[in-house]
Amino acid sequence: MLSTIALDTQVLRPGLCTGCGACQGLCPYWGSVDGRTVCFFDCERLDGRCQRFCPRMPTDLDALRKQFFSEETVFPEIGPFRGLYLTRAADASIRAGAQHGGSMTALVELALQEGFIDAAVLTRSQGGLGPEGVLAVNSKEVRACSGSSFQVPPTLAVLNQALRENKFHSIGVVGTPCKTLAVYKMRANPLPENDNHAGNTGMVFGLFCGWGLDWDGLNALAAAHANPENVSHMDIPPSKYHSLELREDGKTVSVNLDEVTPLVRSGCRYCADMTAEFADLSIGGARSADGWDVDKGWNQIIVRSEKGQKLLELAREKGVLEFKEAMEGGLDKLKKASLGKKRTAVKNLQALTGKTDDLGYLNPSKDWFQDL
Amino acid sequence: MEWTITANAPGQVCLMQGNEAIVRGAVEAGINFAASYPGSPSSQVLGMLGKIARERGFYAEWSTNEVCALQACTGASLANGRALCVVKQNGLLCVADALHCAAQAGVKGGLVIVSSDDPSAHSSTNEFDSRWQAMSAGIPLLEPTTMQETKDMIPYAFQLSEEVGQIVLIRVTTRVCHGRGNVTLGPLPEKPRTLERVREWDRMVCVSYMHGPALQKLEELKARFNDSPYNHYEGPEAPKKLIVAGGTGCLYGQEALRRLGRDRETGFLSLGTLWPLPEGYILPHLRSAEDVLILEEVDPFLEQAIQALAGREGLRLRFLGRNNALPPIGELDPDVVTAAIAGLTGAPLPEKKPTGELELPVREMSFCAGCPHRATFYLLKRAMRQEKHPGVVVGDIGCYFMAGQSAGQYAWQTCNCMGSGVNVAEGLGQLTNYGLDQKVVTMCGDSTFFHTILPGLVNATYHNANMLLIVLDNSATAMTGFQPHPGTGLTAMGDHVKPMDIPKILDAVGCKVEVADPFDVVESEKTLRRMLDQPGMNVLIMRQPCATLMTKERSKKPVRVYVDQDICLGDGCGCDKYCSRVWGCPGNTWDFKKNKALIDPVTCVGCGVCAKLCPSGAIHVEEGPPQNPQIMRGEEEQESSGRDARKSVPAAAKGGEEA
């Protein structure tokens, strides 16, 4: 099928697109507006990087995993696993601007300083509304990207452009699970005639992700509860609070989660990855069994690769991160949550295709998911 | 200007184009006034008249639209002047109300309308038949067949108009306008007809009680037409098979009849006066006939009128024509006429000689190389695709009619007649307040802006419709051959006048106005998107001169645009022939040997937009001395189409390297 039509009919129209940007920054055909992936004109090629890179086009996840991770480390619930840690940035000024503990900012900064990577593709949250992808090459630029957004911007368009320019040779990527999966798809060099210098991608830092929100929906919601211009931060505390918190001029505005859940981006309902299983390190907010306050301001990190392990150890050595004893049962809790997301995705995909044995883009890994 | 137009050489035989014959006829008729709005196939007529108007002592203008043209002619007639109004089929429909009113009021000085029909719509959006307007308005209708008749019918029509006190419609078709033939010149009058002061009790008023007198004029005309010199009969005294033809049908028919060898036994009635039907002339031939074939362009006008006549007279005849023996649409040609006559006479069809092995490839019409419209519609498509719900685009008539095809990225959903865009968009724009969740865009050219957009603009602005009107300001009535319009500061007679300023007009109307350069693709897209988001009536003027003007500029300031094929991605992922396939400028071609983009230096006019769009920066623009003198273009101005848009036409197969 023609490339643009393939993505349009198999990803955009069925509502699978996550807006990650993997199809963008490669050609004049794809772009993005307010989180919506836009096809400007039709490309008539039968094959192309856009459909090969897309994390919502059929992918044999198992084969891809075997290509990049050692098989014995893989947990079915959360993917490759070498350890779970509770950490936070040692530098209080990083923590001040961070979503949780600032571990991601500190680690990316360290990776840049120590030459693990020579640039990093990050998302600048802009207070949570209208985030954008950026290419950072120094600590200052990395720190400017602290904090999260529930709107997912097409950050990988920035990666694709940077790779195309071939100026940096080990570009780190921070992204949600859909984005990190796309990066590994790129690395697998699916279109040999044009690899877009995918070998120049460096370490991949995954972000735990429950879902992203529809851009227009969140903009309207923020405007209904606050002055969007003054919103500096958004977060969703543990489920018992059942709320989305906006920070407006330093004050916290709480929005009932019932107003938020209808705004979940359609593509996120079909996502089977909570912990960014394709990554060197995956980082999320710590969720203690003992409640929000116990681990508030801390991150949990899954180390997935040797390189990730090395960076984390270096962070410990250099005192860039502070470590805390992981709670007992933390890993099980994480596995359970991750499994829950996978089951929901399978259920939603079955509803979408109308067949219990048709999981859409997950079909090449169907056995893996049907056993859940 | 051809010598033949103004030569006072009676009896001289000249080779003339039909449009020239119309001009010569007007000069021989001693017209005082001529007005027209350009439209193919008769666009050249007023251009020529404008050039000789001063010398011959009459006034000629490119009117802002056809209504202005006909009503101005009516004014001239009131002062006893002879006035010629030249329109194309759509123009005649546009002017229908003015025509019907003027016809009921009658005329004083001769008033002749030449309406040119475009069967097969070679240079039009559609094929219409002007003749119904004569029947509907109750005015006499003439249709010439040869160039001689075309010339002769003009003075004849003026005389008729004055004798009966009625407007005369002359219908011509593309092949008559653009064909050439011998014309024997007539004498030229010393000076135009003498104007008369309008007297206090002169009346040309359209009131209901004038309907009766208007019908009386038709009765009088019927009698005159029964022995008009423009109706001929050839054939046996009492034919069983009869052909009745008007316009091109006459020549095609006579030729086919001879070719089939049935000219002796078949009657052939050529009609030059079509309405009111010269019943007294037709009936004797009809009475002996058993089978009647009607040959005419576009609609079965004569066919229905003669069927009605036969019915009234109780004749039992078999009729062949547009409804059965001929294709119901499209222009006549010798082949279809021959087939129809074979059907009538039972003559065997001569075997058709094969024309050649290779079929000509059909190529879609496209904007010229460097046309600013291409850039505007490229940007519009991008902007519309960025909307949450793709917007609706309403087309209009001009070169930009082609935007409905690949040249304009299949831009629009509707296209109606000149001036319709702003009104159709207004309707949609109002409904955006009632749940229609879409952006509404329409467009017009600068000539169309004056022609019929203005009232719609006022309406949409006054009622605050949510819409965007894009004015494609290329400073020209480009499609018909650069006739002046009120924005140009020129008149048909060559006078320099104060040009109308479109932004000032818009400003006075009270809509939001911005001006952008379509070649500045980045900024213009931003402007376009910003205006799409603004509620109310928005007008964006996309200003960049017509590419054919640029061609002239280029001979002074040459620009070389070329592809660095080492950088070009060709049909690879990341490009897929973006310049030649998507952007689609005829200057962007394809190197089949190397599978890379190529710029045709002969076609390229150096606008440089493709260099801005190339995803890999492989296209370079270099200003410098002429690289190739062949790229210099002549100064000729082509008449093509106008009020118009064309269908796909076969283009010569590409040869050489590209084959």
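Me: At what angle do H2(B) and H3(B) pack?
Reply: Local features of this predicted model need pLDDT of at least 70, and side-chain atom pairs count only at pLDDT 80 or more, whereas totals for chains, interfaces and linings use all residues. Side-chain values use heavy atoms, with hydrogens and water left out. Helices H2 (residues 18–29) and H3 (residues 43–56) of chain B, which are DSSP runs of H or I of at least four residues, have axes 9 Å apart. Between these axes, lines fitted to C-alpha atoms over the stretch in contact, with angles from 0 to 180 degrees between N-to-C directions, the angle is about 30°.

Me: Are H2(B) and H3(B) roughly parallel or roughly antiparallel?
Reply: Angles under 35 degrees count as roughly parallel and those over 145 as roughly antiparallel. The pair packs at about 30°. H2(B) and H3(B) are therefore roughly parallel.

Me: How much area do chain B and chain A bury between them?
Reply: Buried area is the accessible area (1.4 Å probe) that two parts lose on being put together, summed over both. Carbon and sulfur atoms carry 54% of it here, and the total is about 1,700 Å².

Me: Which residue of chain B forms a salt bridge with Asp216(A)?
Reply: A salt bridge requires a side-chain nitrogen of Lys or Arg within 4 Å of a carboxyl oxygen of Asp or Glu, and 2 are found across the interface of chain B and chain A. For Asp216(A), the closest N and O atoms are 2.7 Å apart, and the partner is Lys388(B).

Conventions: Residues numbered from 1 in each chain as written. Chains lettered and ligands numbered in written order. Helix = DSSP H or I, 4+ residues; strand = E, 2+ residues; numbered from the N terminus. Parallel < 35°, antiparallel > 145°, perpendicular 65-115°, else oblique.
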